[in-house]
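Trainee: I would like to learn how to read features in a structure file. Could you walk me through one, topic by topic?

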Amino acid sequence: MGRSLDSQLGRYINVATLVSLIASVLVILFFVGALNRSAARTDRQLLTAGIQSAIHHNETWVADYGWWSTARDRLEAGDVDVLSDSMASSFSDHLGFDFVVMSRANDARTYSWHRDTGQTPLESLLSARDISALRQDLADAYARGAYIGTHMLTIDGRPYLASVTLVGEYDDRSATDPLTGPVLVIGSALDGQFVRDMETRFLVDDLTLMPADHDSSDSDIPIADASGHAVVQLEWTPSRPGVETLRVFALPLLAYILLFIGGAQILVYRARMLGRRAEQNEQRAVEAATTDTLSGLPNRLGFTRFIESEAATTAAARGEAAVIYIDLNGFKAVNDKAGHRAGDQVIETVARKFSGALPDGTHVARIGGDEFACALIGSGYAGQALPIARALSASLADPFEIDGRFFEIGAAIGIAWSRPDAVKTFSQLVHDADLAMYRAKSDQLEQPLCFDASLGLENDQRCSLESDIEKGIERNEFRVVYQPIAGAGDGRTVSVEALLRWDHPTRGAVPPDVFIGVAERSRLIRRLGDFVVDSVCRDIGPDAGFTVSINLSPAQLNDPDLCPRYLEKLGAAGLSSRQVELELTETVLVDDFDRAKERLHEFHAAGFRVNLDDFGTGFASVGYLHMLPFSKIKVDRSFIAAIGKGEGPNKMLQAIALLGDALDIDMVAEGVETESQAAMLRMLGFEYLQGWHFGAPMTARALKARMHEAA
């Protein structure tokens, strides 16, 4: 019996040992293959990123040099000497490209310079076929919304990557013709230096250039442009860390049966180290592809990846995001007067200044030649977008000293927000901030410009709408309607809000957020504000048993005579300032708090009640409520609409109601549409309710009839 048990134990141990050995060998072979495949993928990713980085660098150079109206004028005039001197300076400043070609409109005349020939222009460096192919790739880039094309070609048997763009300064490049306009071509040789740089940068062995028609393998990568043109391909010897690992452990493997557990742990440890190295190399490839080499900031690709990240998209969906778009003023003058090397120094200095002016947690990137963008996520950062934009502008206040010369560099800045009441994606924010920046640049504004709906109008539309507003005031097309505000306890009307409406004879009903924005920038806002007050004086008698709320825009606070003029108008109609409540949104406080504070205290001292409108949609600090003489806080309708959609909205409204109680400020709920909403708000402690459940905006006559029936 004992011998049988020993035999069974021995057999079990032998079988277990054999199975363990076979399994271990299979695992080792699997890891060897996996490590080799992972290393090959990493090498391919690194080299692909290096090729894209080289193309991006070449396109950056052609973008910077292409924004050169002086060169276009010299090209069209045939002033070869000046162009040759500039090319000689460029070749001495930059070691990254090898030739430059300029071709006049419709290729009437082509000038070429090569690093090997100095400043002497060549009669023919690129053939007509090459130029035609470059123009076609540029046209393809136009179709993709870009204005730079890249084409792979050979010159005298040597491969080059060449980037092309229209030369000259254009307000709208999309309106230019890439097939006929004057073009600038910058080319970089794909030679031994290129190969050595790739080997050094990405730690790849035996890297060589082979013809594009060479038999391809897993260790070949064609160097191709966006249209698929390729003249050469990279061939290298893939690293084989798996084989190296197996060679290191060949001898210990002979004793592996006795040291199975220890050997397995060592192998796992070695595999982890090699995997960590592969991850680090992959991270380096990602950083190389997403970083602007000149400024050290993220490039357009890096910025795009950030705004498409989960954290950024979630913040935008919550209405807690903003984008600041910046375009440098005076940068072209530096390039024209001091050369592109000085322009590069300006970009490097601006990047340092911007990084120093921004708080931690913000994301700033260089989007183009002299354009930067800043993405802010989270209510704390997005709420400070305007002060941050002003800090960026202030960081450029001091002149830039370059080689003993001083240059004034400013910035046109546009800002766009995603707010809880107006949620936008980051792509919309970039578009809106870019639009605001262009408006700030065209209007030569020294302060950042915030996007509003009227900026989406074309210039002709905006001018036409501005003219129509002025005519509409003269033709009495505007009217004021009144929406009741009820007491929460008994539902009786205790106040009304005066709302301005415009029924245009051909445009129809024009939304207030469109015509108010145009009126603010054209200074017609004063006439519209006076029209509302005059209408209130005419429609509401001195014996009315309710107050009237009138909205004020930020632009109206610039008027130092606003309070005295309103008092005079009300007094002439027999009304008291106690019968009028003035409403301002949180944006007024963020734009210029000191000016708003001064005006609000002036109104309060004159007897007006001051209310904070649309509370919760902006980013004003709760601390403002202690410092300003608010009588009421009107909670935005977006909070009311969320009632019944979970405990979160109800708790939020309860917290807001408790805040009003703590500050001894009455709370008004806007957008009440149902009795169930009204009941919940009464239970939470809101004093006043406003919405269609208590009455739609109505004419003065309808309001008087309603009040008469209620009496």
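Trainee: Let's start with one residue. Where is Arg-173 found?

Mentor: A word on the ground rules before that: this is a predicted model, where local features need pLDDT of at least 70, side-chain atom pairs count only at pLDDT 80 or more, and totals for chains, interfaces and linings use all residues. Residues are numbered from 1 along each chain as its sequence is written, and side-chain values use heavy atoms, with hydrogens and water left out. Helices (DSSP runs of H or I, at least four residues) and strands (runs of E, at least two) are numbered from the N terminus. With that in hand, Arg-173 is in the loop between strand S4 (158-166) and strand S5 (183-189).

Trainee: Is Arg-173 buried or exposed, and what is the nearest side chain of opposite charge?

Mentor: Buried means under 20% relative accessible area, exposed means over 50%, and partly exposed is in between (1.4 Å probe, protein chains only). For charge, Lys and Arg count as positive and Asp and Glu as negative, while His and the chain ends are not counted. A salt bridge is a side-chain nitrogen of Lys or Arg within 4 Å of a carboxyl oxygen of Asp or Glu. Arg-173 is buried yet has no salt bridge, and Glu-169, the nearest side chain of opposite charge, is 8.4 Å away.

Trainee: Which backbone oxygen does the side chain of Arg-173 reach?

Mentor: A polar contact is a pair of N or O atoms within 3.5 Å; within protein, one must be able to donate a hydrogen and the other to accept it, and residues adjacent in sequence count only if both atoms are side-chain atoms. Here the side chain of Arg-173 reaches the backbone oxygen of Gly-168 at 2.8 Å. For plain contact (heavy atoms within 4.5 Å), leaving aside neighbours within four places in sequence, the partners of Arg-173 include Trp-67, Tyr-142 and Tyr-147.

Trainee: And how many salt bridges does a search of the whole structure find?

Mentor: The general idea is that side chains of opposite charge can pair when their charged atoms come close. The search finds 26 salt bridges. One of them joins the side chains of Lys-441 and Asp-327 (2.6 Å, N to O). This pair links distant parts of the chain, with Lys-441 in helix H15 (residues 426-442) and Asp-327 in strand S9 (residues 321-329), 114 residues apart. Lys-441 counts as partly exposed because its relative accessibility is 32%, whereas Asp-327 is buried at 6%.

Trainee: Which residue forms a salt bridge with Asp-559?

Mentor: That is Arg-526, with the closest N and O atoms 3.9 Å apart. Asp-559 lies in the loop between strand S19 (547-551) and helix H19 (562-572), and Arg-526 in helix H18 (residues 525-539), so the pair ties together parts that are 33 residues apart in sequence. Asp-559 is buried, with a relative accessible area of 13%, and Arg-526 is partly exposed at 42%. Salt bridges can also form a network, as they do in linking Glu-497, Glu-583, Lys-634 and Glu-670.

Trainee: Now for strands. How many bridges join S16 to strand S17?

Mentor: Two strands pair if DSSP finds at least two bridges between them. Nine bridges join S16 to S17 (residues 493-504), and the two run antiparallel. Arg-479 stands opposite Arg-501 in S17. The two strands form a hairpin with five residues between them, and Gly-491 in the turn has a positive phi of about 75°. S16 is also joined to strand S24 (residues 688-690) by three bridges, again antiparallel, with Leu-689 in S24 as the bridge partner of Ala-486.

Trainee: Why is S16 described as largely enclosed by the rest of the structure?

Mentor: Nine of the ten residues of S16 (residues 478-487) are buried, so the strand is largely enclosed.

Trainee: Last topic: how many residues has the largest nonpolar core?

Mentor: In soluble globular proteins, nonpolar side chains tend to be buried together. A nonpolar core is a set of buried Ala, Val, Leu, Ile, Met, Phe, Trp, Tyr and Cys residues joined through side-chain atoms within 4.5 Å. The largest one has 72 residues, and those with the most contacts inside it are Ile-469, Tyr-482 and Phe-686. H18 gives the most to this core, with seven residues. A second, separate core of 33 residues includes Ile-324, Ala-385, Ala-389 and Phe-400.
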